[in-house]
Amino acid sequence: MYDEAAWQQLREALTSAMKEKDGAGLLVLSDSYYERDADGGYSNLMFANAAVNCLDLPPAFSSPEEVRSALPEFEKASPVFGEGLAWASLNCSYWPVRATGEPHRITAEGAAPIVVVGTTRDPATPYRWAEALARQLSSGRLLTYDGDGHTAYGRGSSCIDSAINAYLLRGTAPKDGKRCS
């Protein structure tokens with residue numbers, strides 16, 4: 001989902017899996033995502049990701065019973081992926097080291113304008129997270145990319161690129177609430 005260039009391949013793999021009961025295309029995508037090599041070994045990318053995420057915040061669920069209780073909500077939000085996402089949320093419950101962080105507000109009182117870029121159809125970081133972060137920052141400026149994909153800068157929107165370049169090169173933050181496509 002991160003790479004729009006792979007969306008057609010994902011579409012074909014999902015179609016094949018659902019209509020023809022052939023998951024080979026999904027396996028190829030999974031191997032690529034998890035960086036599986038020709039000998040069946042994996043990079044440490046996903047292990048590192050779990051370590052970072054599990055140390056950042058307490059686990060979403062602490063037991064399988066909690067996941068089972070939450071399943072209807074997950075499945076309603078995502079009939080295809082909800083169940084898998086719910087069970088994956090249990091991962092950090094069994095992490096051997098306790099989380100070092102707790103959710104908390106970040107205001108950055110006194111900071112110069114902080115630009116928060118949100119993409120409305122980002123498959124990895126929901127747009128509402130960008131909205132919430134920009135709201136809680138005392139000098140937050142929300143810059144919205146109305147489009148698909150994970151991240152917006154350098155992906156073809158001159159509106160986004162110009163606004164971010166002006167901020168990075170001249171310190172000129174965009175007007176809060178600026179929208180681009």
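Begin with Lys21, which comes just after α1 and takes a positive phi of about 55 degrees. The model is a predicted one, in which local features need pLDDT of at least 70 and side-chain atom pairs count only at pLDDT 80 or more, while totals for chains, interfaces and linings use all residues. Residues are numbered from 1 along each chain as its sequence is written, and side-chain values use heavy atoms, with hydrogens and water left out.

Stay on Lys21 and look at its setting: the loop between α1 and α2. Most residues other than glycine have a negative phi. Lys21 counts as exposed because its relative accessibility is 71%. Here buried means under 20% relative accessible area, exposed means over 50%, and partly exposed lies in between (1.4 Å probe, protein chains only).

Next, select residues 7–20, which are helix α1. Helices are DSSP runs of H or I with at least four residues, strands are runs of E with at least two, and both are numbered from the N terminus. α1 has 14 residues and reaches 19 Å from its first C-alpha to its last, close to the 20 Å expected at 1.5 Å a residue. The expected span is 1.5 Å times one less than the number of residues.

Move on to Tyr33, in helix α2 (residues 24–33). Tyr33 is partly exposed because its relative accessibility is 39%.

Now show the strands. An open sheet of 3 strands has the order β1-β2-β3, with parallel pairing. Two strands pair if DSSP finds at least two bridges between them. β1 (114–121) and β3 (178–180) are at the edges, each with a single partner strand, so one side of each has no neighbour in the sheet. Strand β2 (residues 140–148) is joined to β3 by 3 bridges. Select Leu143 to find one partner: Lys178 in β3.

Finish at Thr151, in the loop between β2 and α7 (158–170). Its phi is near 85 degrees, a positive value in a residue other than glycine. Thr151 is partly exposed, with a relative accessible area of 40%.
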